[in-house]
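This report looks at a ligand site and at one residue elsewhere in the chain.

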Amino acid sequence: MFFILIPCVAATIVATSLIFNVLVGWLRALEKAPSTTAQTVPYTIPFIKSTFSFVFNGPDFYRRASNFCQGQWPVRVDLLNDEVYLVQGQKNILSVFSNPGLTVTRAYGIVLKYCFGMDQQAVDVYVSDTSGSRHRPISSSTTPHNSRVSYHTHENLTQGLLGSGLDSTTQRFEAALYAALDKAVPSISDWKFEPDLTQFFEEHLGTALLQALCGPLLVEESPNLVRKLWQYDKLIMALAKRLPSWLIPGSYQLRDELLAMIMRWHKLATELSTAHPERKPSDQSQADPYWGSAMMRERNKMLLTIDGQDRRSVASTDLGFIWASITNVVPSTMTLSTHIFHDSTLARELRSRLQECIRPDTDGVQCNMEKLAKEPLLLSMYAETLRFGVQIHVPRCSPHQPLNLADKIIPANKLLLINTALAHTDEEVWNTRDGQYPLNTFWAQRFLVDPADPRSGPLKPSRFAKQLRTAHPDSSREEFSVQGLEGIWIPYGGGQHACPGRLLAKRVMLLTSAMLVTMFDVELLAPESALQFQSSRFGFGVRKPVAQVPFRIRRRC
Ligand code: HEM
């Protein structure tokens with residue numbers, strides 16, 4: 001018996017060690033050949049997966065995803081019946097922005113449907129446009145020319161907002177803003193009390209910008225539009241979460257009211273343009289009396305000729321455009337102004353620095369945009385406002401081929417999202433001056449580079465200061481720079497699909513702050529706690545003050 005046992009035990013030991021060795025070999029092989037599948041953010045409820053936490057608690061979900069992957073982006077997020085991929089990190093972001101094969105239409109189709117009420121037939125045209133927005137379609141795409149909604153829309157926006165239409169839109173905006181502020185605070189030297197800074201900006205800045213873009217007819221015909229747009233902005237997250245109309249009837253009703261206003265404007269502007277062809281401006285740079293700009297007039301004509309679109313769907317597209325044009329730049333400008341007026345030393349310093357750029361004259365104020373756009377402190381505050389406040393998911397999709405990113409494969413036709421807030425709070429790259437200015441706080445001088453101070457500048461350790469010292473060895477002046485921040489500071493997204501309103505948005509923010517600080521004294525009357533900013537539109541917009549900020553305002557000139 002004993003003799004039989006010995007060979008059995010020996011055989012078992014040999015077999016076990018063989019199996020063990022094979023297993024170890026496999027595991028080593030697996031380690032050597034890393035998986036090309038992105039890691040999935042863990043979830044606890046099988047059927048629901050990550051849906052609730054991703055949709056309803058974005059900031060926390062992103063924090064968790066970031067802790068989970070430890071910088072190994074992209075990660076996969078499993079949702080009820082689909083998956084999305086989160087992409088972060090400078091290298092990945094730059095790779096996505098420079099990839100000519102990626103589109104935005106799949107994401108925009110979803111947003112147009114759920115947020116802006118577009119019907120399915122029209123949405124299908126967006127979702128199935130896989131051709132991209134360049135003149136030459138993406139190579140595997142078979143989208144017919146007349147269904148290339150992304151390309152046609154992009155051409156129109158580029159011309160109107162980045163090309164020949166930019167200067168005239170800026171001039172119309174400047175005039176409309178001055179008129180609005182002049183009317184809001186007419187009397188010289190008496191303080192005027194205002195209960196809410198947010199409301200003040202929404203009403204005056206919002207209306208001025210809408211008039212500059214769409215002309216006076218829209219607001220004259222629907223004087224409630226701007227107020228309703230801000231109410232709708234508060235409800236848009238519920239629509240984005242796809243809650244049904246029986247649960248949020250007010251949101252659906254408000255959206256229908258806004259769509260009806262836009263359709264009325266389209267109808268009237270079309271009729272008046274036809275009745276008065278002589279009033280049509282001769283070139284892009286002039287205002288159109290009914291459509292506001294050549295861009296809006298041409299856009300309407302163009303969208304109506306795209307397959308599957310009708311008057312109602314074009315109203316949805318314009319509601320989306322109006323919402324995108326107003327609801328990020330207005331709160332951002334308010335945040336910038338809040339930081340200026342919160343610190344009287346800063347307000348005084350800025351006022352004196354801006355004397356060369358903006359000065360009162362008999363017709364209002366004379367502003368030199370070129371000089372304004374070179375003022376380092378104002379520029380630093382502008383850039384910091386967007387770093388601090390913009391919390392947008394920038395979407396892309398590779399419609400035809402799987403996408404290879406950081407050795408992971410993202411399958412074709414899946415949505416990938418880059419979040420600006422995560423990029424803007426990356427402790428690895430941003431300078432906090434050893435924790436003195438944490439990334440969840442506003443530091444007006446973060447984007448200023450002092451050649452004599454290696455601890456200055458937005459990045460750590462300050463590569464800029466070194467470069468500046470080499471380029472200008474005798475300079476002692478602080479300079480503003482976003483050099484080296486590609487894929488790190490991304491408030492406007494990037495690449496071919498970067499926000500077409502970015503130049504106008506910058507001008508709006510600089511001009512409005514310069515005008516306010518030159519024309520007015522402003523005292524914020526809110527406690528420090530009200531000057532906190534919340535993320536109720538995480539993924540869809542910018543941070544806003546948590547509470548009402550009462551203030552008093554007095555004219556200086
Ligand atoms: C602070 C202000 C603004 C911020 C932070 C902002 C941000 C963004 C971002 C992140 C995107 C997506 C970009 C991408 O996919 O790479 C976008 C798209 C867009 N933005 Fe802005 N934006 C601002 C102001 C404006 C203004 C003033 C306008 C219009 C005058 C505008 C019009 C648009 C439009 C039409 C799109 C969609 C473009 C397309 O069809 O591809 N935005 N914006």
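This is a predicted model: local features need pLDDT of at least 70, side-chain atom pairs count only at pLDDT 80 or more; totals for chains, interfaces and linings use all residues.

Residues are numbered from 1 along each chain as its sequence is written, and side-chain values use heavy atoms, with hydrogens and water left out.

The iron atom of the ligand has C499 (SG), at 2.3 Å, as its only protein donor (donors are N, O and S atoms within 2.8 Å of the metal, or 3.2 Å for Na, K and Ca). C499 lies in the loop between β13 (479–480) and α21 (502–519), helices being DSSP runs of H or I with at least four residues and strands runs of E with at least two. An unreviewed UniProt entry lists C499 under "binding site".

The shell around the ligand holds 18 nonpolar, seven polar and one charged residue, and β8 gives the largest share, four residues.

| Residue | Atom of the residue | Distance |
|---|---|---|
| R396 | polar side-chain atom | 2.8 Å |
| G494 | backbone N or O atom | 3.1 Å |
| H497 | polar backbone atom | 3.3 Å |

T432, in the loop between α19 (420–424) and β12 (448–449), counts as buried because its relative accessibility is 9%, the limit for buried being under 20% (exposed is over 50%, partly exposed in between, with a 1.4 Å probe). The side chain of T432 reaches the backbone nitrogen of G435 at 2.9 Å.

Terms used. A polar contact is a pair of N or O atoms within 3.5 Å; within protein, one must be able to donate a hydrogen and the other to accept it, and residues adjacent in sequence count only if both atoms are side-chain atoms. UniProt positions are given in the numbering used here, feature names are shortened, and annotations may be inferred rather than shown by experiment. Ala, Val, Leu, Ile, Met, Phe, Trp, Tyr, Cys and Pro count as nonpolar, Asp, Glu, Lys and Arg as charged, and the others, Gly among them, as polar.
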